[in-house]
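Visitor: I would like to learn how to read a model of this kind, one feature at a time.
Guide: Here it is; begin with a single residue.

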Amino acid sequence: MQKGFSKSLTILRLVWKSLDKMRCFRKRSTIPLLGVLITCLLFVNLYIDDGYVLEGDKRQLRETAIHQLNSERYVHTFKDLSNFSGTINVTYRYLAGSPLPRKKFLTIGLSSVKRKRGNYLMETIKSIFDQSSYEELKEIVVVVHLADFDLAWCESLVQDISRRFGHHIIAGRLLVIHAPEEYYPSLDGLKRNYNDPEDRVRFRSKQNVDYAFLLNFCTNLSDFYMMLEDDVRCAKNFLTAMKKVVTSREGSYWVMLEFSKLGYIGKLYHSKDLPRLAHFLLMFYQEMPCDWLLIHFRGLLAQKDVIRFKPSLFQHMGYYSSYKGAENKLKDDDFEEDSFDIPDNPPASLHTNINVFENYDATKAYSSVDEYFWGKAPSTGDFFVIVFNKLTKISKIKIVTGTDDRQNDILHHGALEVGEKLVGTKKGKQCSSYITLGEFKNGNIEVQEVDRKIAFDIECVRIVVTSSQKEWLIIRSISLWTTQPPSQ
């Protein structure tokens with residue numbers, strides 16, 4: 001089934017490109033374009049890999065797809081598929097609060113349904129607000145989608161939310177919405193991919209639609225959108241930490257940044273991508289769980305690799321799943337309650353004369369992502385240098401070499417230097433004057449209060465190999481903290 005789905009994604013890429021070229025004809029050709037898309041999806045369904053689906057099952061899947069595509073509710077939901085950049089036509093119920101006219105920096109989206117055991121939504125909302133400073137609160141809006149079809153439960157819960165967080169609702173920091181059941185596609189007769197039981201398929205399929213409608217609502221509220229679950233605890237000042245990361249990624253392409261390794265917790269998107277993601281979840285709502293679809297969406301928009309940051313800023317705190325109240329004690333072991341001390345790593349160029357292994361290039365040591373530089377055995381005098389785009393005041397430097405599974409690939413003998421007076425060379429810009437801050441011990445070095453030890457604004461940071469070694473060298477992370485934001 002996975003192979004068949006991959007084929008459908010390949011054709012979907014081509015369809016999206018065609019639709020984009022025909023943008024000027026959208027209004028006149030919505031129905032024909034929708035027909036083309038549906039035909040492509042059905043065509044792919046005819047050629048699902050034989051190793052996964054038997055011929056009889058293929059026929060049943062085709063009949064199910066045709067039945068759903070002829071369904072009035074299905075067409076109502078997908079009637080504007082030809083405009084992937086546009087929002088979906090849903091009339092939401094505002095249960096509490098209303099959007100403010102000014103765009104914020106970040107929207108935090110939560111979707112919640114009635115659980116058989118436990119309810120963690122209130123604690124999740126509390127953690128978001130409690131772990132944010134007053135200045136940070138000005139830059140966020142929290143949107144809660146109460147997605148259960150039990151309206152009495154929704155009304156009861158929204159009363160509790162209003163009593164407890166009334167001041168945040170009044171300030172425009174908290175909104176509670178509900179998408180009416182009439183806008184949902186059919187949740188009966190769904191395809192049972194992966195041999196999941198019917199109730200499980202219904203649960204995860206509805207969850208995909210819940211999130212799609214939430215994303216659709218949040219499209220124009222802020223510059224960025226973060227997806228959370230309704231049973232999450234936040235790190236202190238998580239917004240400031242995230243803004244540092246976003247600033248460090250300026251000029252580089254990304255679709256999804258991850259601040260937790262669990263499920264769909266702590267996934268950050270550009271708000272401009274939300275309409276396409278909402279459409280995508282709706283199109284494939286019955287195919288697979290939401291977190292799997294997010295991976296496929298990221299790949300469709302040409303972000304091949306995971307971009308995940310450590311420490312994690314969000315922790316799963318629930319003990320019981322929203323599906324049947326089953327136990328779910330997953331924890332993110334990279335989570336740190338106080339993650340405010342994330343490095344700045346101001347914009348810079350990096351180069352080295354150490355022989356690089358494969359694609360483990362120098363920039364990977366400077367990234368906040370879980371990746372590293374890997375070079376072949378260095379010799380005395382070899383260097384690894386960071387040249388800043390502009391003069392920088394640095395307060396702390398921390399460099400870690402080696403990894404848990406390659407503990408010998410450390411810098412056995414080396415020095416850390418900072419430099420000034422940039423000059424042009426055949427190999428690019430270099431500093432002409434350096435001062436040594438310290439020696440590596442057991443492959444690591446950390447220097448505090450650099451700005452008090454060095455009288456000049458720093459233009460370069462350099463690692464120098466002081467003795468040849470037989471072992472290869474992994475520079476796992478280079479972390480720099482500035483005395484002012486790097487954007488200043």
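Visitor: Is T401 buried or exposed?
Guide: Buried means under 20% relative accessible area, exposed means over 50%, and partly exposed lies in between (1.4 Å probe, protein chains only). T401 has a relative accessible area of 7%, so T401 is buried. Note that this is a predicted model, in which local features need pLDDT of at least 70 and side-chain atom pairs count only at pLDDT 80 or more, while totals for chains, interfaces and linings use all residues. Residues are numbered from 1 along each chain as its sequence is written, and side-chain values use heavy atoms, with hydrogens and water left out.

Visitor: Where is T401 found, and which residues is T401 in contact with?
Guide: Helices (H or I, at least four residues) and strands (E, at least two) are DSSP runs, numbered from the N terminus. T401 belongs to strand 13 (residues 394–401). Contact means heavy atoms within 4.5 Å. With neighbours within four places in sequence left aside, the contacts of T401 include D409, I410, L411, F440 and R476.

Visitor: What does S111 touch?
Guide: S111 sits in strand 2 (residues 104–112) and counts as buried because its relative accessibility is 10%. Not counting residues up to four places away in sequence, S111 touches H145, A147, D210, Y211, L214 and D230.

Visitor: How much of the chain is buried?
Guide: Of the 488 residues, 55% count as buried. The chain has 13 helices and 18 strands. Among contacts with a separation of 6 or more, 78% join residues 24 or more positions apart.

Visitor: Which residues of helix 10 are buried?
Guide: An α-helix has 3.6 residues a turn, so residues three or four places apart point the same way. Helix 10 (residues 274–283) is mostly covered, with nine of its 10 residues buried. The buried ones are L274, P275, L277, A278, H279, F280, L281, L282 and M283.

Visitor: How many residues has the largest nonpolar core?
Guide: A nonpolar core is a set of buried Ala, Val, Leu, Ile, Met, Phe, Trp, Tyr and Cys residues joined through side-chain atoms within 4.5 Å. The largest has 49 residues, and L106, I128, L146, F238, L268 and F314 have the most contacts inside it. Helix 7 (residues 151–170) gives the most to this core, namely seven residues. A second, separate core has 46 residues, among them V141, Y211, V255 and F297.

Visitor: How many cavities of 30 Å³ or more does the structure hold?
Guide: Rolling a probe the size of a water molecule over the atoms shows where empty space is left. On a 1 Å grid over the protein atoms alone, a cavity is a set of points where a 1.4 Å probe fits but cannot get out, and lining residues have an atom within 4 Å of a point. Grid points are joined across faces, edges and corners, and a volume is the space filled by probe spheres set on the points. The structure holds two such cavities.

Visitor: Where is N442 found?
Guide: N442 lies in the loop between strand 15 (428–439) and strand 16 (444–447). N442 counts as exposed because its relative accessibility is 72%. Its phi is near 55°, a positive value in a residue other than glycine.

Key. 1 Å grid on protein atoms, 1.4 Å probe; cavity = no way out; pocket = protein on both sides within 12 Å on 5 of 7 lines; lining within 4 Å.
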